[in-house]
Amino acid sequence: MNQVEPKIECRKVRDFSQTINDSFTFIKQNFSALLKPLIYICGFFILATIASGVLQQLKTIRILGIAKASQGFQSYSPDFSTYALGLEYFLLILFSILTVSAIYLVTFCYIKLYKDQGNMAPTMEAVWTLFKEHAIRFFLGTILLSILMCIGFLLCLIPGFYFMPIVTLALPIMVMENLSISDSFSRSMALLKDNWWRTFGLLLVAGLIAYFSMSILGIPAALLNIGAVFIENSPNILFAGSIFSSFLTGVSQLFYVLPAIVSALWYYSLSEEKDGGGLLDRIDSFGTEKTQGSTEWPEEEY
């Protein structure tokens, strides 16, 4: 007899390995239900990233062609950066940031609704409603907190590494606790007290897994582009390679769902460790419709 795998309990104290394992289990259990809002809500941002990526690659190819026609980079190199870092480049950066922010926000909205509904997958309409409620503040918060972290990296790197876990944990707090940007930052610092190193290591591992997954997906497009460069008079191959490469780059951003889930589950773990709200919620739910007749009680941790 096949035993049904218990659903992931969000508000639960976890260690390093349990958080990673539960994140992959959460993806497996909610793959189709989570993928739908990710595609429908983040689709515009992904398509915009793909389109701006194609324009940037075609512009770069055109610049390389002009440089080649001018018999070397020496006569052309002074103006190369001016042409390469134009409107297309900044649009690509902008839409890439918005895409990642949208993926994080959709994931956080999904997890919050999942937790509030008693570990049940929410509908796409419910995720969309919550997404609209938090979108402006979340996007603004992402930009401001990212700028803060970038400034930290410019100051001898160490401040940037210090702010990275604080900024990353502040993002789910904005959604889960419906706090302002400044209050989320303060709450993040409070939760990270005595937990900075564990959080840094966990987020680093999750980020590396996402990065290498994205890199593997981009290998075919990179090989196609490299091959096209060495083929004379191959505009069709270059154009196809630009589209294919930009498409894979845009789609591969969906891998950011893993660090988003890791940061959300780790937030719930630290919150439970500090506040113990999950156990109180389960005690309050005794005898309610939500728990009557249920045989899927979560495992308590002491």
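Colleague: How do the axes of α4 and α6 cross, and within what distance do they come?

Modeller: In this predicted model, the axes of α4 and α6 come within 9 Å and cross at roughly 50°.

Colleague: Why are they called oblique?

Modeller: Angles under 35 degrees count as roughly parallel and 65 to 115 as roughly perpendicular. The crossing is at roughly 50°, and α4 and α6 are therefore oblique to each other.

Colleague: Is the crossing left-handed or right-handed?

Modeller: The crossing of these two helices is right-handed.

Colleague: Which residues make the contact?

Modeller: From α4, the contact is made by Y104, L105, F108, C109, I111 and K112. On the α6 side, L171, P172, V175 and M176 take part.

Colleague: Turning to the core, how many residues are in the largest nonpolar one, and which have the most contacts inside it?

Modeller: The largest nonpolar core has 67 residues, and F108, F131 and F138 have the most contacts inside it.

Colleague: Which elements give two or more residues to this core?

Modeller: Those elements are α1 (16–29), α2 (31–69), α4 (87–116), α5 (124–154), α6 (158–176), α7 (181–191), α8 (196–229) and α10 (257–275). The largest share, 14 residues, comes from α4.

Colleague: What does F131 touch, leaving out residues up to four places away in sequence?

Modeller: With those left out, F131 touches I41, A102, L105, V106, C109 and F139. Two of these, L105 and C109, also belong to the α4 side of the contact with α6.

Colleague: Now D22. Where does it lie, and is it buried or exposed?

Modeller: D22 lies in helix α1. Its relative accessibility is 15%, so D22 counts as buried, the limit for that being under 20%.

Colleague: Which side chain is joined to that of D22 by a polar contact?

Modeller: The side chain of R14, through a polar contact of 2.6 Å. Not counting residues up to four places away in sequence, D22 touches I8, K12, R14 and L265.

Colleague: And Q29, where is that?

Modeller: Q29 is also placed in helix α1. At 27% relative accessibility, Q29 counts as partly exposed.

Colleague: What does Q29 touch beyond four places in sequence?

Modeller: Q29 touches E5, P6, K7, I8 and Y114.

Colleague: How far apart are Q29 and I8?

Modeller: They are 21 residues apart along the chain, and their C-alpha atoms are separated by 8.5 Å. A polar atom of the Q29 side chain lies 3.4 Å from the backbone nitrogen of I8.

Key:
Residues numbered from 1 in each chain as written. Predicted model: local features only at pLDDT ≥ 70, side-chain atom pairs only at ≥ 80, totals over all residues. Heavy atoms only, no water. Core = buried A, V, L, I, M, F, W, Y, C linked by side-chain atoms within 4.5 Å. Buried < 20%, exposed > 50% of the residue type's maximum accessible area, 1.4 Å probe, protein only. Helix = DSSP H or I, 4+ residues; strand = E, 2+ residues; numbered from the N terminus. Contact = heavy atoms within 4.5 Å. Polar contact = N/O pair within 3.5 Å; in protein donor to acceptor, adjacent residues only side chain to side chain. Axes fitted to C-alpha atoms, helices over the stretch in contact; angles between N-to-C directions. Parallel < 35°, antiparallel > 145°, perpendicular 65-115°, else oblique. Left-handed = near helix turned anticlockwise from the far one by under 90°.
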